Amino acid sequence: MRILQVSAELFPLLKTGGLADIAGALPLALMAEGQDARVLLPGFPAIVAGVRDLAPVADFNAPWGERFGLRAGHIAIDGAPAIRAYVIDAPALYDRPGNPYEDTARQPYADNHRRFALLGWAAAQLAKGLDPAWQPEVVHAHDWHAALAPAYIAFARQAGPNRDLRVGTVFTVHNLAYQGIFAPWHFTDLGLPGPAFHMNGLEYHGQVSFMKAGLYFADRLTTVSPTYALEIQTPEQGCGLDGLLRQRSGALTGILNAVDDKVWNPASDAALVQGYHTPEGRHMAGKARCKAVLQHQLGLAERPDAPLFILVSRLTEQKGLHLVLGGIDALLAQGGQLALLGSGEAWLEEAFRQRAAAAPESVSVTIGYNETLAHQLFGGGDVTLVPSLFEPCGLTQMYGLKYGSLPLVRRVGGLADTVVDSTLEDMASGEATGFVFDRFDAADYERALRRAFALYQRAPDWRRVRGHAMRRPADWATAAAQYIDVYRQSME
Ligand code: ADP
């Protein structure tokens, strides 16, 4: 199958969150299954710099009349097969400082509707044959940034020269909370026919919703865990779109994200001072060494006996960080240490900074984005904290599992699908892999903390659970096979 993946980020070229990890790993996993997968990306500076041998393919008009170019090249990641990549050449829209969505003052760019409409538009042009040498059979759009692609294709199929267009569309929700909502007067820029701006379309309470376009017009929908697929159909977690999601329930599949073994593998991770692998308790000396070096590097007391809790996250309300802040005293009182890496909302950055300044030997806070340190935290940590309010899939708990830094998570979304609580029963059956709490409150979170400390005191049990965690399969081949099924359905 010829499959075009459309996303705004792709690891290792450009990453602000889990979307990039998936966009980088899925094409490789599909290629490993014999599929002809390519990617389409906006020409952000980091993308243009990272795609090799870029050469022009064709020019095309944006819906608002400006002319842009499409270029093609390949992404070569150490040891992996090259991924063929199309890049939209539009410096006026993409060549800017800040992250892909916001300026340096963290304000969304005022023309984001054009910047991301163009991504969906270019995908639709490729579906219609913009590159005579390669035409996708399936267009797979990720998150609201790419969500207009299914709408453009749906309308192209309805009338005009592309009435016979045979291309399946799949739209994946990585996080329903970010919807790409714009003022209604921007609709005229999008190049969609009037009827699209309708309740049965992308109109959302009088505004334009890119997310809704994807949900409404794609042939098939997926999201990144089975539990989240159910949750988003409820008013509590549906972010105002649960009605539409219930309506489209038959087209929606939850496919759990996997872990890219080439990037996240404690045995071969170049960021670690010493690798480690067999989880049975042997060959784990590397982990102890990683912890000692990490403690030293972060200025924490070099105590092998102190359980080291780590957190790698965007600092937003979603991630339950007020529970972590509120629980720091309890964590320290029980002899633990906390190491956090993250960036985001200013008040959270400041609150964590203050806690680190007050107890530098026990609390380390690094504000910023640092891929190497993230790996080192999973390598040296004992417990990975992910107490999210909601979590579509969550990757850090999966990295925690793989690196034997046991996840402590709330039972929600993908966290519920990937972590098994260390109850006596589940420990006996060999299923337990971490600590799970239910209610989004301090009491439940701190109870889970206490259980983590209690298990840590029982070293043989700790090693056993850590072994289960590290052995938990999270391979991309399984996820790729499920996506291929969905692609087939989208073409029916
Ligand atoms: P989300 O996509 O909601 O941010 P995920 O858990 O799905 O959450 O993915 C987060 C990804 O971003 C993980 O790969 C995590 O390691 C990475 N990450 C988050 N914050 C940072 C940071 N400050 N530095 C390095 N990596 C980070």
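**Domains, pockets and helix contacts**

Mentor: The C-alpha centres of domain 1 and domain 2 lie 33 Å apart. The model is a predicted one.

Trainee: What makes up domain 1 and domain 2 in the domain assignment?

Mentor: Domain 1 consists of 2–258 + 476–490, and domain 2 of 285–471. Their contact takes 21 residues from domain 1 and 21 residues from domain 2. A residue counts here if its heavy atoms come within 4.5 Å of the other side.

Trainee: How much space lies in the second largest pocket?

Mentor: About 580 Å³. Its lining has 31 residues, and the closest to the pocket centre are Asp260, Asp261, Lys262, Val263 and Trp476.

Trainee: Which elements give two or more residues to that lining?

Mentor: They are α1 (18–32), α14 (396–402), α18 (459–471) and α19 (476–491). The largest share, 7 residues, comes from α1.

Trainee: Why is the second largest pocket said to lie between the domains?

Mentor: Domain 1 and domain 2 both give residues to its lining, so the pocket lies between them.

Trainee: How many residues of each class are in the lining of the second largest pocket?

Mentor: There are 20 nonpolar, 1 polar and 10 charged residues.

Trainee: What is the volume of the largest cavity, and what makes it a cavity and not a pocket?

Mentor: Its volume is about 40 Å³. The term cavity is used because a 1.4 Å probe fits there but cannot get out, whereas a pocket is open. The structure holds 1 cavity of 30 Å³ or more.

Trainee: Which residues line the largest cavity?

Mentor: Val259, Met398, Leu401, Lys402, Ala469, Arg472 and Ala474. Helix α14 gives the largest share, 3 residues. By class, the lining has 5 nonpolar, no polar and 2 charged residues.

Trainee: Why are α1 and α19 called roughly perpendicular?

Mentor: They pack at an angle of about 80°, with their axes 9 Å apart. Angles of 65 to 115 degrees count as roughly perpendicular, and α1 and α19 are therefore given that name.

Trainee: Which residues make that contact?

Mentor: From α1 they are Ile22, Ala25, Leu26, Ala29 and Leu30, and from α19 they are Trp476, Ala480, Tyr483, Ile484 and Tyr487. The contact of α1 with α19 has 10 nonpolar residues, no polar and no charged.

Trainee: How do you know that α17 and α18 are roughly perpendicular to each other?

Mentor: The axes of α17 (residues 442–457) and α18 cross at roughly 110° and come within 5 Å. The range for the term is 65 to 115 degrees, so α17 and α18 are roughly perpendicular.

Trainee: Which residues meet in α17 and α18?

Mentor: Ala452, Leu455, Tyr456 and Gln457 of α17 meet Ala459, Asp461, Trp462 and Val465 of α18. By class, this contact has 6 nonpolar, 1 polar and 1 charged residues.

Trainee: Now the backbone. Is the peptide bond from phenylalanine 11 to proline 12 cis or trans, and where is proline 12 found?

Mentor: The bond is cis, with omega near 10°. Proline 12 is found in the loop between β1 (2–6) and α1.

Trainee: What is phi of aspartate 53?

Mentor: Phi of aspartate 53 is near 55°, a positive value in a residue other than glycine. Aspartate 53 is found in strand β3, residues 52–61.

Methods. Residues numbered from 1 in each chain as written. Predicted model: local features only at pLDDT ≥ 70, side-chain atom pairs only at ≥ 80, totals over all residues. Heavy atoms only, no water. 1 Å grid on protein atoms, 1.4 Å probe; cavity = no way out; pocket = protein on both sides within 12 Å on 5 of 7 lines; lining within 4 Å. Points joined across faces, edges and corners; volume = space filled by probe spheres on them. Helix = DSSP H or I, 4+ residues; strand = E, 2+ residues; numbered from the N terminus. Nonpolar A, V, L, I, M, F, W, Y, C, P; charged D, E, K, R; others polar. Domains from an automatic or database assignment. Axes fitted to C-alpha atoms, helices over the stretch in contact; angles between N-to-C directions. Parallel < 35°, antiparallel > 145°, perpendicular 65-115°, else oblique.
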